[in-house]
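Here is a walk through a multi-chain model. Keep the viewer open and follow along.

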Amino acid sequence: MTSSSESILLLVPHVKLKKNEGELYLMSERLGWMVGNKDSFNVSHKYSDIKTQKISPEGKPKVQLQVCLHDGSATTFQFVNPSGQAEQMADRDKVKDLLQLMLPKFKRMVNKDLEEKKLFLSENPQYRQLYMDLVKSNVISAEEFWSDHATQFIKQQQETKNATQQDVGISASFLADIKPQTDGCNGGVRYLLTSDVMASIFRTYPSVKQKHLKCVPNKMTEEEFWKKFFSSHYLHRDKNINDTKDLFTDCGKQDEQVLKQDLTTAINDPLLDLTALNDIEDETSGTPSNAKINNIAHQNMIRRFNQHSILVLKASEQAAGAEPATVEAAPPKRMRLQEALTYDDLESNESNPTVQLNLCRIERYLNGPPTTVPSHAGVNKNGSSTGQAIDPNTFKSILGRWMRGGGDRYNPLDVLSSATAVTVLGELSIGGSLMRGPQPNSAIHLTSELQKELKELYVSLSEILKHFWAAFPPSTPELVQKTNRMIDALHKFNQAKLTPYEQKLIQASTSSEAENILRPLRFQLQAAIRKHSQLSERRPLPRTAVSSM
Amino acid sequence: MEDKEERIETSLVAIVIDATPAKKFASQPLDGSSMMNRIFDSLIAFGNAHLMQASHNKLAIIACNSKSTKFLYPSMDGNSRSYQNRPGQYDMFAKVDSDVRHGLGELILNDLTDNDSTKSDSLLGGAMARALCYIHRVQRELSLSHQLKPRVLVVSGSCDSALQYMTFMNVFFTAQKENVVIDCCMMDTDSGLLQQGCDITGGQYLHIPSVAGLLEYLLWVFLPSPSCRSKIVLPPPTKVDYRAACFCHHKLVDIGWVCSVCLSIFCKFSIMCTTCNTEFKLNRPAIVPAKSKKRARIE
Amino acid sequence: MSVQQRTLDCKDLHEYLKTLSATVLDRLYNHPATCLAVFRELPELSRLYIMRILFVDQAVPKAIMGSWVSPNSAKELEDIVKLLTELRLWQEVEMQGGLKGWLLNPTFRRNLKGALLGGGNEWSMKPPTDADPKARGIAILDEYAMGRWECVLHFMVGSHQHEVISSDALQILQHAGLMKKEPGENQLTITRDGFQFLLMDTSAQVWYFLLQYLDTATARGLDLIDCLGFLFQLSFSTLGQDYSTDSMSDGLQKFLQHLREFGLVYQRKRKDGRFYPTRLALDIASGPKKSMLNTMAATSLNQSSGYIVVETNYRVYAYTDSSLQVALIALFCELMYRFPNLVVGIITRESVRQALRSGITADQIVSFLRQHAHPECYKEPPVLPSTIADQIKLWAIERDRFVYKEGVLYNQFDSQADFEILKNYAQERGVLVWHTTHGRKMVVTKEGHEEVRKFWKRHSRNGSM
């Protein structure tokens, strides 16, 4: 149980748990207790499992500490240091303080994890539904769900992890932000340096860090070092490098060297023309000497800036890993030249390699379904028998008469007789033969609620099936295990979800309809189960089967 | 203070007549005349009934058979023929009557004289496309203070033609986009395609049980404008079969296989699409050896 | 004095027909054209009802007809039943088994069917057997019609540069109350109604004018039914087609001459034997409603199509050279510039109030501007900027802040008790207009005055006794 790699933060002997005396260990991630002479914990609680801690009130004879866990159970430790109650109290307070320190850290972690999951579920309704269907009904366990099924969540989590790896930069004004505190009696000024500020200084001035490493413990005290640093010219803008007395003189020199080195490594780009960046010398300027003096101050400042920029660049390169550096070195000269010479937008875009769709039977798209609608039986029989029989000449004469307006005996009002109109009126009024809707058998009508549920069933089943079939062929023990797990899940799904739904359906409609509706689902389910049983028949013991392969 | 700037509604009905089964209907006697006469007379009367509803109403009648499509009204002849009024009939209606009789008769007679014995499908899709073109033109030419409410009424008695499938579909979706309602009145046979068209565009589909009362069916179901139809009780919509036919056996399928490259539909799985010759590589290499093993065993 | 706005009462076809007696209506339906005209003016649902039972020669049970509409349109069905009954298009009959049913007016049914299919009563208007050697084109007809009609309007506006109109027309104008002769004056002057008339669109003007004409038709010895029948036939005639006068009675011949004067028909010579209907006569029955005249004319060369552009800065640009149109715009606009083909005016509060004073309503101004809007305006609705429309209406409402009522003032009461008694009495009778205890004054309506006075006399007599 105990992994040796864990560091022990605190060890308190003389701690009683349920009348047994032992030692209480506070490790980096958990707390444990063991009976005096054993080497494994009798009781061990992860910090993340602990909800709160409670201590016995002052004045009670027993000095106790209770840890309450998330699952509701609690463990009570009694401190029984033989040196007396004061020592017992001290022991307990030590534990209490440390726990106080540790618990919030882990609590945050647990909560964060939970919150993230909650957020993810609320943002992704389809996963939420899946969670509700599969986990809540115990078809699969929550851990399985998060690790296997909610792939998107895992991806998202990794992304956020990657994103948080970026370092926080240093504020540009951190030195100015160190507020001096005037000491009333001495009239002197005191600076308070925190470790954060020191770290920032080290990051900004790497040479100072080296100096600090070299000097501080042996040559001078911390305070002296920082006093010197702040009074040194190095910190000030127009530093005079020639001042040898200063401790930080060589720091400046070192910086120069580093800068030069960086310059040479950076300017291996053949296409970079630094001279192009130079200001054009103003030849007509009258006072060159004056300009030079100014320039020194300017140059110092520019140098400062450059140094800073290089540091920032380096920092960012480090953060991104070693890759960018190698990539930058990689493009050979030719490629760079090519890049500089070609312009994408001037190129003709015929180079796009497209795969041509080669349709060999286009007419298939143009033709529709064949006429399968059966024509009206009675009329058709009539039409086909006499339709062929009509003599073209008779037809012509009928048509000709019609074209001329119907002939002598034609009565325009014949187009619709009253009796026929009444018949049609009956057919088209409520209850008439044409007013009946489509037969109820032809369509299955589900309430929207049942429809929704059916949709959810499909989603969850296909999710499990997806993982089941993904494990095929089960060539490794893990995969075999997975198929077993999934088959269990499928069985559970059948019992917990499908059967109740079928009952509901049967209540809402008829059993044959319910069967029809669920047929595809059942088919999928059976296919998986059949496959699995075949597999296990062939290899009755999956483990041995795998080992024999 | 609200201002209503009403635009005058102009209702345009384009009647598309399928004249292919004319011969079939001509052979069936009906009340001392033939069924064909009754159908054509009913259609003319319906067209006039639409014109009678309001003075702005417009009418177009297009006919087709298996050879050609033809505008009957307004006739594209240009030169107006003289026509004789029946007593009491409104002038304008008499003109429609005469134009349609003349045009439709000519169309059918031309088909006869061609003496082509091979029976082929009617060009209904093409005629509907012409109707849409005409509607589009009228819409553009209409004064801005008018608002066109166009619809197409298809009257047919012939079976669906598989050859015109694409034309039909294009027509349906164009109509839907142009807000043209497609109504359909079928005699004798049912048409799955036109059912779809009516459903897509929000029109009425009616398969009438008898031809004798055609005019009453038309007046009853198809005369009211789509905006008025919500106020009245009309025959309930038929259940439309939207199933697609597979490319391999021309079977209607509920669930099938679709080629991911060319979207061809198949009722059975095959490892190669027969339309675009794409091979379906299953990205599960483990299956391939399993199959080959099996095959080997069989062999 | 009541200064309540009164709009010109322009009945539509149905309202007019409802004023006619049942026998006249039944006789009217003998003309297919009348049936067609009446039918077209019906609401869509009632037209559908008629079409459905047009071929049914028997009564249809009410219960069945009621089931044709969806339940939420039941109210509409009631209106239809009422309208069709009022117009005598159908009547309630008792069917076998005590069922109540509706039966379509047989005359109406026969003639409507006839109009649709043929086989009904003959139309009296027929093209002549021989072609006109001097046939007139549509453009000429349009020009003629507008010329004639504008002549009447010009007369009303008072710009007398055209020929004076006939005494018949004068009579009608007077009868309609569009113009009147001030006592002691020789000249006719335009009335409040006349101004409103001017701003109506042309087809509504024609319809209104004809209604007024028909009112006096019987006085002129004309048969109202013949005239109406002829008018409706005219409205369904074909533009550019000539019709024969041979079969027309003397009365109708006379009627035709009147129509000719107003530009509804064109006749070269009285004895020509043929006449041409003009655009004014077409589709006349839809008169007060929006007609197709405007829009049809817009495609022809007619100038009366949209010519007005109104900007949001109250400027009105009228692209016209017609003095009539300029005069119409001047009714409610202050004219600023005048060019050969363009008049620029501005709508001001004063100019609108001026128009309102002369009896024109704000709605009429707004609808006039809208109806005659330039075609360009239609491209970007609203055709008339809503600020202008609203402002004109606001200016009109501004004038309606006072309500005038006639009344009689009672004051100088001797005691508060007397005042209270009389006030209470008047209040009970509902004739009290206003009262104040301060100074004991009250105003009673003119109608109530007599009653209150009598009461007071009774009261004071009792009091004195």
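Start with chain C. Its mean pLDDT is 81, and 91% of the residues score at least 70. Among its elements, strand 12 (residues 343-346) of chain C has the highest mean pLDDT, at 93. Helix 14 (residues 293-299) of chain C has the lowest, at 41. Where pLDDT is low, the predicted coordinates should not be read in detail.

Now turn to chain A. Its mean pLDDT is 71, and 67% of its residues reach 70 or more. Which helices of chain A mark the lowest and the highest confidence? Helix 13 of chain A is lowest, at a mean of 40, and helix 15 of chain A is highest, at 87. Residues 322-328 of chain A stay under 50 in pLDDT, with 2 contacts beyond four places in sequence. Residues 541-549 of chain A stay under 50 too, with 7 such contacts.

The A–B contact takes 49 residues from chain A and 55 residues from chain B. Four helices of chain A each supply at least two residues of the side that touches chain B: helix 12 (363-366), helix 13 (377-387), helix 14 (392-403) and helix 15 (418-428). Helix 14 of chain A gives the most, with 7 residues. By class, this side of chain A has 29 nonpolar, 16 polar and 4 charged residues. Recall that helix 13 of chain A has a mean pLDDT of 40.

One other contact involves chain C. It takes 11 residues from chain C and 11 residues from chain A. The side of chain C that touches chain A has 5 nonpolar, 4 polar and 2 charged residues.

Move on to helix packing in chain C. Two packed helices are described by the angle between their axes and the distance between the axes. Take helix 4 (residues 44-53) and helix 6 (residues 74-86) of chain C. They pack at an angle of about 65°, with their axes 9 Å apart. Helix 4 and helix 6 of chain C are therefore roughly perpendicular to each other. Their crossing is right-handed. Helix 4 of chain C brings C:Leu45, C:Ser46 and C:Tyr49 to the contact, and helix 6 of chain C brings C:Glu76, C:Ile80, C:Leu83 and C:Leu84. These residues divide into 5 nonpolar, 1 polar and 1 charged.

Another pair is helix 17 (residues 362-371) and helix 19 (residues 386-398) of chain C. Their axes lie 9 Å apart, at an angle of about 160°. That makes helix 17 of chain C roughly antiparallel to helix 19 of chain C. The crossing of helix 17 and helix 19 of chain C is right-handed. C:Ala362, C:Ile365 and C:Val366 of helix 17 of chain C meet C:Ala389, C:Ile392, C:Lys393 and C:Ala396 of helix 19 of chain C. By class, this contact has 6 nonpolar, no polar and 1 charged residues.

Finally, look at two sheets of chain C. An open sheet of 3 strands has the order 6-8-7, with antiparallel pairing. Strand 6 (243-244) and strand 7 (265-266) of chain C are the edge strands, each pairing on one side only. Strand 6 of chain C is joined to strand 8 (residues 274-277) of chain C by 2 bridges. C:Tyr243 stands opposite C:Phe275 in strand 8 of chain C.

The other open sheet has 3 strands in the order 13-15-14, again with antiparallel pairing. Strand 13 (407-410) and strand 14 (432-436) of chain C each have a single partner strand, so one side of each is left without a neighbour in the sheet. Neighbouring strands of this sheet are turned by 15° against each other on average, direction ignored. 4 bridges join strand 13 of chain C to strand 15 (residues 441-445) of chain C. In strand 15 of chain C, C:Val444 is the bridge partner of C:Val408. Helix 20 (residues 416-429) of chain C packs on this sheet and touches strand 13, strand 14 and strand 15 of chain C. The direction of helix 20 of chain C makes about 155° with that of strand 14 of chain C.

Technical notes
Residues are numbered from 1 along each chain as its sequence is written. Chains are lettered from A and ligands numbered from 1 in the order in which they are written. This is a predicted model: local features need pLDDT of at least 70, side-chain atom pairs count only at pLDDT 80 or more; totals for chains, interfaces and linings use all residues. Ala, Val, Leu, Ile, Met, Phe, Trp, Tyr, Cys and Pro count as nonpolar, Asp, Glu, Lys and Arg as charged, and the others, Gly among them, as polar. Axes are lines fitted to C-alpha atoms, for helices over the stretch in contact, and angles run from 0 to 180 degrees between N-to-C directions. Angles under 35 degrees count as roughly parallel, over 145 as roughly antiparallel, 65 to 115 as roughly perpendicular and the rest as oblique. A crossing is left-handed if the near helix is turned anticlockwise from the far one by less than a right angle, and right-handed if clockwise. pLDDT is the predictor's confidence in each residue, from 0 to 100. Two strands pair if DSSP finds at least two bridges between them.
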